[in-house]
Amino acid sequence: MSSDILSQRKLGHGDILFMQGDEANHLYIVHSGEVEVTRQGPDGLHDIERTAQAGDVVGEIALSASQAYDTGARANGPSSVVVIERRKLLALLKKEDKFVSALFRILVQNLLSVMDHKNEAEQLKAEAEAALANLAEDEETDDDNDVADLRP
């Protein structure tokens with residue numbers, strides 16, 4: 001891969017790579033240190049989804065067409081990342097063999113599909129956990145009423 005599409009960025013603890021909702025223009029490969037991938041929860045707080053280490057990729061949504069980051073990312077201590085600018089990567093792919101470009105598009109579509117399924121599964125899991133919690137709460141209330149019915 002051509003070095004003109006790659007750059008390196010050094011980060012200090014807490015430095016932000018991108019915020020959830022920012023336009024996704026860059027893909028990052030953690031070179032050293034750690035990067036926390038966060039998602040804003042319903043309470044407004046940013047929960048850590050995962051911690052990316054050397055060799056891990058963050059911001060892969062930038063490979064798709066004009067989307068926003070669905071997570072945020074910040075350095076967890078001194079770190080460095082390799083930055084790949086989406087625009088430059090796509091320009092390079094246009095120059096490549098049509099087979100390579102088509103294969104890249106297929107891989108990106110598959111990645112995005114997997115990410116969508118993961119998000120759907122997480123949503124279903126959260127809904128199921130909430131339903132179970134409500135059921136347990138209802139059973140506890142029913143048990144309390146049963147005891148009250150036994151009192152003289």
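Student: Buried means under 20% relative accessible area, exposed over 50%, and partly exposed lies in between, with a 1.4 Å probe and protein chains only. What kind of model is this?

Tutor: This is a predicted model, where local features need pLDDT of at least 70 and side-chain atom pairs count only at pLDDT 80 or more, while totals for chains, interfaces and linings use all residues. Residues are numbered from 1 along each chain as its sequence is written, and side-chain values use heavy atoms, leaving out hydrogens and water.

Student: Helix H1 then. Which of its residues are buried?

Tutor: H1 covers residues 86–95, and Arg86, Leu89, Leu92 and Leu93 are buried there. Helices (H or I, at least four residues) and strands (E, at least two) are DSSP runs, numbered from the N terminus.

Student: Where do those buried ones sit around the axis of H1?

Tutor: They fall within an arc of 130 degrees seen down the axis, so they line one face of the helix. The arc is taken over the directions from the helix axis to the C-beta atoms.

Student: And what does the face turned away from the buried side carry?

Tutor: Arg87, Lys94 and Lys95, which are exposed.

Student: Switching to the sheet. What is the strand order?

Tutor: The sheet is open, with four strands in the order S1-S8-S3-S6 and antiparallel pairing. S1 (6–11) and S6 (57–58) are the edge strands with a single partner each, so one side of each has no neighbour in the sheet. Two strands pair if DSSP finds at least two bridges between them.

Student: How many bridges between S1 and S8?

Tutor: Six, with S8 spanning residues 79–85. Leucine 6 has isoleucine 84 as its bridge partner, and leucine 11 stands opposite serine 79.

Student: Is S8 enclosed or open, and why?

Tutor: Six of its seven residues are buried, so S8 is largely enclosed by the rest of the structure.

Student: Back to S1. How exposed is arginine 9?

Tutor: Arginine 9, in strand S1, is partly exposed at a relative accessible area of 31%.

Student: What is it in contact with, leaving aside neighbours within four places in sequence?

Tutor: Arginine 9 is in contact (heavy atoms within 4.5 Å) with Ile16, Leu17, Tyr28, Ser79, Ser80, Val81 and Val83. The C-alpha atoms of arginine 9 and valine 83 are separated by 6.9 Å, though the two residues are 74 apart along the chain.

Student: What lies 3.2 Å from a polar atom of the arginine 9 side chain?

Tutor: The backbone oxygen of isoleucine 16.

Notes. Polar contact = N/O pair within 3.5 Å; in protein donor to acceptor, adjacent residues only side chain to side chain.
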